[in-house]
Amino acid sequence: MKRNWPFIIITGVGIFSTLIFLYIFVYGLATRTVKSSVLLEKAYPHVKPQEYINLLQRKAKANNLKIIQLRSDRGYFLIQMINEKKLDEVLSIAPQVAPLAIVNLVIYDLGDGTGIVGNNPYVWDIVIDSPKIDEIAEDYANELSDILDSIYWDYKKEQELLK
């Protein structure tokens, strides 16, 4: 029996290439998914970090969030945001999930804007298998995202009114 070597080689290379492509694609997708659920990342153009911090402190007070400034250096601020109401709610359900109510944020200068990176409370949806914790974590993550975004839009609207 005569073997068709060119066909075997082309088929082998094709299968190998497909497996490599799938590995790279699936790995990249999985990495992006995990990163988006673990980190809370935002970027806002034309706002300086100090201005953003001042606006954040005012907005946090209005939304019953406690802000603790841990450190500030050359263009960045490390802060903790604590929602006392969520903390009490979570402690009554499961004390081991208390870090859900505490969010660490780094607010830093991007040159022509401000970047924010922090731990996403929604990660507790993955860690603890409880529908109540899932709901609290998702609500809190969405609330924080809305607060951070609304600060920028309020700032932008204020700047337009001043022009």
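## Salt bridges

Arg-71 counts as partly exposed because its relative accessibility is 48%, where partly exposed lies between buried (under 20% relative accessible area) and exposed (over 50%), with a 1.4 Å probe and protein chains only. The model is predicted, so local features need pLDDT of at least 70 and side-chain atom pairs pLDDT 80 or more, while totals for chains, interfaces and linings use all residues. Residues are numbered from 1 along each chain as its sequence is written, and side-chain values use heavy atoms, with hydrogens and water left out.

The side chain of Arg-71 meets that of Asp-73 in a salt bridge at 3.4 Å, N to O; the term requires a side-chain nitrogen of Lys or Arg within 4 Å of a carboxyl oxygen of Asp or Glu. Asp-73 is partly exposed at 30% relative accessible area. The structure holds three salt bridges.

Asp-149 and Lys-42 form a salt bridge at 3.2 Å, N to O. Asp-149 is in helix α5 (residues 131-162) and Lys-42 in strand β1 (residues 39-45), 107 residues apart; helices (H or I, at least four residues) and strands (E, at least two) are DSSP runs numbered from the N terminus. Lys-42 is buried, with a relative accessible area of 18%, whereas Asp-149 is partly exposed at 23%.

Another salt bridge joins the side chains of Asp-154 and Lys-59 at 3.0 Å, N to O. Asp-154 lies in helix α5 and Lys-59 in helix α2 (residues 49-62), so this pair ties together parts 95 residues apart in sequence. Both are partly exposed: Asp-154 has a relative accessible area of 38% and Lys-59 a relative accessibility of 22%.

## Aromatic pairs

There are five aromatic pairs, counted for rings of Phe, Tyr and Trp (its six-membered ring) with centres within 6.5 Å; planes under 30 degrees apart are stacked, over 60 edge-to-face and the rest tilted. Tyr-44 and Tyr-152 are stacked because their ring centres are 5.2 Å apart and their planes at 25°. Tyr-44 is in strand β1 and Tyr-152 in helix α5, so the pair ties together parts 108 residues apart in sequence.

Tyr-44 is buried at 5% relative accessible area, and Tyr-152 is buried at 9%. The rings of Tyr-152 and Trp-153 have centres 5.2 Å apart and planes at 65°, so that pair is edge-to-face. Ring pairs link Tyr-44, Tyr-52, Tyr-152 and Trp-153 into a cluster.
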